[in-house]
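Visitor: I have a structure to go through. Can you walk me over it?

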Amino acid sequence: MKKVQFELMQPQEIIDAKKSWNSMKSFYLPEEIFALGVRIYLEKLVVQGYRLIVMVNGHGATNQIQTLERLAKEFSNERKVTVLTAFVAMPDENGVIDYGHASAAETSKVMAIHPEAVNLSRLPVKEKPLKYRYWAVVDSDAFLGRPNADFEVQDDPRLMANPQRGEELLNHAVKQIVEKVRHEIESWTEDKEKVK
Ligand SMILES: [Zn+2]
């Protein structure tokens, strides 16, 4: 009954869209299951002799990031390996990290690497604002507790997403991750104690 009432509150375009393409619920795994999966990978890589493992997370979320950091610390402290974590959204020149989900920034990144996976025409016409709640397109600021007053997308993928932007964001992230890895390796040669 509740579900029917909720459907009635939604604009017709949402109800129509859901009928045609949103028939399957997202397949989320609880963080403890995620942790077990990552732990097995790390174990196997340690057995294969890797000395430095970098886990690059491209999507979030807070609990999963904490899980990766916890495992990185545990393995680095207890095993013959150094494990680093990195996030594909790295700080820009102002130190700001864009955590937007399906926003123009994230959509641009997918356009750069898998353009066939993006079909912006499935969204409503550009004149209609996108509500976070209906389209699961969410600005970085909203994740940081500063949503738009109307809970509408500002970094609008229909207006601001393009493969060039995605490529720039990815290149920027790669550059910073490479620096982080290089810094780690250089610290090994300076301080032999760290070479396990
Ligand atoms: Zn996302």
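**Overall layout**

Guide: The protein chain has nine helices and two strands, where helices (H or I, at least four residues) and strands (E, at least two) are DSSP runs numbered from the N terminus. This is a predicted model, in which local features need a pLDDT of at least 70, side-chain atom pairs count only at pLDDT 80 or more, and totals for chains, interfaces and linings use all residues. Residues are numbered from 1 along each chain as its sequence is written.

Visitor: What pattern does the chain follow along the sequence?

Guide: The pattern reads α-α-α-β-α-β-α-α-α-α-α.

Visitor: And what does the pLDDT average?

Guide: The average for the protein chain is 86, and 83% of the residues score at least 70. pLDDT is the predictor's confidence in each residue, from 0 to 100.

Visitor: Okay, on to α4. How many residues does it have?

Guide: Helix α4 (residues 62-78) has 17 residues. From first C-alpha to last it reaches 24 Å, close to the 24 Å expected at 1.5 Å a residue; the expected span is 1.5 Å times one less than the number of residues.

Visitor: Which of its residues are buried?

Guide: In α4 the buried residues are L68, L71, A72 and F75. They sit on the same side of α4, because they cover an arc of only 105° around the axis. That arc is taken from the directions from the helix axis to the C-beta atoms. Buried means 20 or more other C-beta atoms within 10 Å of a residue's own, exposed means 12 or fewer, and partly exposed is in between, with C-beta atoms placed from the backbone.

Visitor: What's on the face turned away from the buried side?

Guide: That face of α4 carries the exposed residues T62, K73, N77 and E78.

Visitor: And what covers the buried ones?

Guide: The cover includes α3 (31-47), β1 (52-57) and β2 (82-87).

Visitor: At what angle do α3 and α4 cross?

Guide: Their axes cross at roughly 35° and come within 10 Å. Axes here are lines fitted to C-alpha atoms, for helices over the stretch in contact, with angles from 0 to 180 degrees between N-to-C directions.

Visitor: Which residues meet there?

Guide: From α3, E31, F34, A35, V38, R39 and L42 meet N63, Q64, T67, L68, L71 and F75 of α4.

Visitor: New topic, the loops. Where is A102?

Guide: A102 lies in the loop between β2 and α5 (104-113). Its phi is positive, about 60°, although A102 is not a glycine. Most residues other than glycine have a negative phi. A102 counts as buried, because it has 20 C-beta neighbours inside 10 Å.

Visitor: What about F151: where does it lie?

Guide: F151 is in the loop between α7 (140-143) and α8, with a positive phi near 55°. F151 has 15 other C-beta atoms within 10 Å, so it is partly exposed.

Visitor: Last one. What is R51 in contact with?

Guide: Leaving aside neighbours within four places in sequence, R51 is in contact with V81 and T82. R51 itself is in the loop between α3 and β1.

Definitions and conventions: Two residues are in contact if their C-beta atoms, placed from the backbone, lie within 7 Å.
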